[in-house]
Amino acid sequence: MIPRCRTSCHIAMSIWQLTSIISFYLIFIFLFSFFIFRKEVIIMCVGLPAKVIRVKDGMALVDASGARREVSAELLDTVDPGDYVMVHAGLAIAKITADDEEESTAVLESLS
């Protein structure tokens, strides 16, 4: 016959199980938060400032530092030739001022 464990043995075993579970969840939370914050730091979308040259049928021809491209202007209410826009993934996502364009261009040039 195997002797039964005393109450202190059950308590010790329960404490060990509880600490194991808690430590597992703490490690899980740490790793999960690490990858979440890491993604926020590493992944970044870059919008390029561009000057609108021409607008026709919801599409705008823009000049971004000498490179001319046709982008969708559907997201903006009004876009006129001479306006400055922020372009991302082929879309004009915001109207910006000439000062914003100069500042963005200076920052991008300093990075290269």
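Tutor: Before we start, helices here are DSSP runs of H or I with at least four residues, strands are runs of E with at least two, and both are numbered from the N terminus. This is a predicted model, in which local features need pLDDT of at least 70 and side-chain atom pairs count only at pLDDT 80 or more, while totals for chains, interfaces and linings use all residues. Residues are numbered from 1 along each chain as its sequence is written, and side-chain values use heavy atoms, with hydrogens and water left out.

Student: Great. What pattern does the protein chain follow along the sequence?

Tutor: Reading along, you get α-β-β-β-β-β-α. That is 2 helices and 5 strands.

Student: And how much of the protein chain is buried?

Tutor: Of its 112 residues, 18% are buried. Buried means under 20% relative accessible area, exposed means over 50%, and partly exposed is in between, with a 1.4 Å probe and protein chains only. The accessible surface of the chain is about 9200 Å², and carbon and sulfur atoms hold 64% of that. Those areas come from the Shrake-Rupley method with a 1.4 Å probe, and for residues only the protein chains shown count as cover.

Student: Which residues make up the largest nonpolar core?

Tutor: There are 11 of them: Ala50, Val52, Ala60, Val62, Val71, Ala73, Leu76, Val79, Val85, Val87 and Ala92. β1 (48-56), β2 (59-64) and β4 (84-88) each give two or more residues to this core. A nonpolar core is a set of buried Ala, Val, Leu, Ile, Met, Phe, Trp, Tyr and Cys residues joined through side-chain atoms within 4.5 Å.

Student: Why would nonpolar side chains end up together?

Tutor: In soluble globular proteins, nonpolar side chains tend to be buried together.

Student: Let's zoom in on one core member. What is Ala50 in contact with, beyond its neighbours within four places in sequence?

Tutor: Ala50 is in contact with Val62, Asp63, Ala64, Asp83, Tyr84, Val85 and Val87, where contact means heavy atoms within 4.5 Å.

Student: How far is Gly66 from Ala50?

Tutor: They are 16 residues apart in sequence and 9.2 Å apart in space, C-alpha to C-alpha. Gly66 is in the loop between β2 and β3, and Gly66 counts as exposed because its relative accessibility is 63%.

Student: Now β4. Why call β4 largely enclosed?

Tutor: Because 4 of its 5 residues are buried, β4 is largely enclosed by the rest of the structure.

Student: In which sense do β1 and β4 pair?

Tutor: β1 and β4 pair in the antiparallel sense over 4 bridges, and two strands pair if DSSP finds at least two bridges between them. Leu48, for instance, stands opposite Val87 in β4. β4 also pairs in the antiparallel sense with β5 (residues 91-96), over 5 bridges. There, Met86 has Ala94 in β5 as its bridge partner.

Student: What about the hairpin of β4 and β5, where is phi positive?

Tutor: At Ala89, with phi near 55°; the hairpin has 2 residues between the strands. Asp57, in the loop between β1 and β2, is a residue other than glycine with a positive phi near 55°. Ser65, in the loop between β2 and β3, also has its phi near 55°. Asp57 is exposed because its relative accessible area is 70%, and Ser65 is exposed because its value is 68%.

Student: Switching to charges: how many salt bridges does a search of the whole structure find?

Tutor: The search finds 1. It joins the side chains of Lys95 and Asp83 at 3.3 Å, N to O. The pair links distant parts of the chain, 12 residues apart, with Lys95 in β5 and Asp83 in the loop between β3 and β4. The criterion is a side-chain nitrogen of Lys or Arg within 4 Å of a carboxyl oxygen of Asp or Glu.

Student: Is Asp83 buried or exposed?

Tutor: Asp83 counts as buried because its relative accessibility is 18%. Lys95 has a relative accessible area of 42%, so Lys95 is partly exposed.

Student: Last one, Ser72. Where does it lie?

Tutor: Ser72 is in strand β3 (residues 67-72). Its relative accessibility is 14%, so Ser72 counts as buried. A polar atom of the Ser72 side chain lies 3.3 Å from the backbone nitrogen of Glu74. Leaving aside neighbours within four places in sequence, Ser72 is in contact with Gly58, Met59, Gly90, Leu91 and Ala92.

Technical notes
Polar contact = N/O pair within 3.5 Å; in protein donor to acceptor, adjacent residues only side chain to side chain.
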